[in-house]
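Hello,

Here is the structure I promised to pass on.

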Amino acid sequence: MALKDKLEEVKKDIVESHVWKAIFRHGYEDTPRNRVLMVTANVWLHLHPAKVRRHGVRMRFTWCMGGLTFLMFLMTVVTGIYLMFYYRPVGEYAFADMQYLEQDMPFGMLMRNMHRWAAHAMVVFVWLHMFRVFLTGSYKPPREFNWIVGVLLLVLTLLLSFTGYLLPWDQLSIWAVTVGSNMARASPLLGHEGPFHEFVGANPVYDARAFLFGGGEIGPHTLLRFYILHCIFIPLVASLLMAVHFWRIRRDGFSGPSL
Amino acid sequence: MADEAQEKKKPASVDDKIHTWPHLVRGEFLVTIFVVVVLTLWALLLDAPLEEPANPTRTPNPSKAPWYFLGLQEMLVYYDPWHAGVVLPTLIIIGLMVIPFIDINPAGNGYYTFKDRKYEILTFFFGFHILWVSMIIIGTFFRGPGWNLFWPWEHWDPHKVQALTNVDLPYLVGFRDYYWSAAFGLFCVVAYFIVGMALFYYWVLRVKGKEFMERWGPVRFGITAFLMVTMLALPVKMFLRLALNVKYILATKWINI
């Protein structure tokens, strides 16, 4: 028997074993039924519908921007978890940890770079995705609600990037966040420099910005708050909304011209 | 996709669905690999910045927000902080959310068309590309110390003299009394919105016709007109500031517009 046949036999033994079949329920048999099962019975693929309009999968229709936004989110999650192993959100340690991570950790600099560029790419991709959806009128009935969820995801994307900006704890980050969070200081009623603040008694250590910062100025408390927001709170909310977003795409159908 | 060209020639049948596996999943997989490779190469070549350790006692000049917020920071030049930082961002978010409900044009649902959606697309293009993106470009490349305008190739001179001759509009036209100034400013702002919305009303009537206006209804019209006029206020404010050195139109103890 030739070696090739031997290998075929081994392969057959493996893919027909009890264990293999318990994990991979469906083979690569190219039948219409199996193609549907491949999607519906797979945890990674089941958010896809079994079948889609031919129009909806064309690259020059979607520019792949929604999917790439999600990919960038996944990239930041993976690299972000790596960074979390080496980083302490404490005033005394944060910057030193950044240097340690960049100079001494294996692939530390690469992971940090990928985390940052993926985050920036995510912002750009969200905007382009929104632009594409607008150009194709894909927010029109029955997809109005998903557009709203998308706008919320856009805001969360910006907030994710913004809260991460503070974590390196260098000059760039604290001053960028100082500028960015001045809007909290200026918010009406709730900010101590906003209009009508005297009616609620907002002051520099007790107003919307102080709530965000954990004090009157950016300090170690701010770092911890932004860290929790960046690593837990906003990703959690964003993940929930993404599940809704993707599910609605599946339920409302891929957009395309009416037949 | 390889068989796409061949399939495209067929006339659209009612059942034009294809299997997600492999037609869609294969494409997603390939694009993912390609983009991850590009991102990795990019990350190998370009390092993320890390400056000196945080020092609350040393303020850099200029301090810039992250680039995607520079549009808002740039608006601080023309508006009060609470306006540029709170009111306008909120209106942008709400304005985006109401788009599906104020756009009742049934054409262009799910395909590219400029002809059928000329005004919708031009409005979005104006708001997104002209206002938002160009503000970011100005904030990123053309702002230096003191948030003064600099060309990208110009040396950032912190001592560049900025003529501080900005005045409020009521002052410019001769009002010297606080209450009269405020009243005049309020009049100007209200008049701007009333005239702007009225002009928008007649413009929509001219372009889309009476039948459309009736179908659109007063609520949709009101929201759209308000957002439209608010959006156009930014270039108006920019013109007043850059050409006439006008700081605020309405200036009171609490609210400046």
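Start in chain B. Phe124(B) and Phe128(B) both sit in helix H5 (residues 118-141) of that chain, 4 residues apart, about one turn of the helix. Helices here are DSSP runs of H or I, at least four residues long, numbered from the N terminus.

Some ground rules. This is a predicted model: local features need pLDDT of at least 70, side-chain atom pairs count only at pLDDT 80 or more, and totals for chains, interfaces and linings use all residues. Residues are numbered from 1 along each chain as its sequence is written, chains are lettered from A and ligands numbered from 1 in the order in which they are written, and side-chain values use heavy atoms, without hydrogens and water.

The whole structure holds 35 aromatic pairs over all chains. Rings of Phe, Tyr and Trp (its six-membered ring) pair if their centres lie within 6.5 Å; planes under 30 degrees apart are stacked, over 60 edge-to-face, the rest tilted.

One of the pairs is Trp127(A) with Trp67(B). It is edge-to-face, at 5.8 Å centre to centre and 80° between the planes. Trp127(A) lies in helix H7 (residues 108-135) of chain A and Trp67(B) in the loop between helices H2 (20-45) and H3 (70-75) of chain B, so this pair joins two chains. Trp127(A) is buried at 9% relative accessibility; Trp67(B) is partly exposed at 23%. (Buried is under 20% relative accessible area, exposed over 50%, partly exposed in between; 1.4 Å probe, protein chains only.)

Back to Phe124(B) and Phe128(B): their planes meet at 35°, so the pair is tilted.

Best wishes
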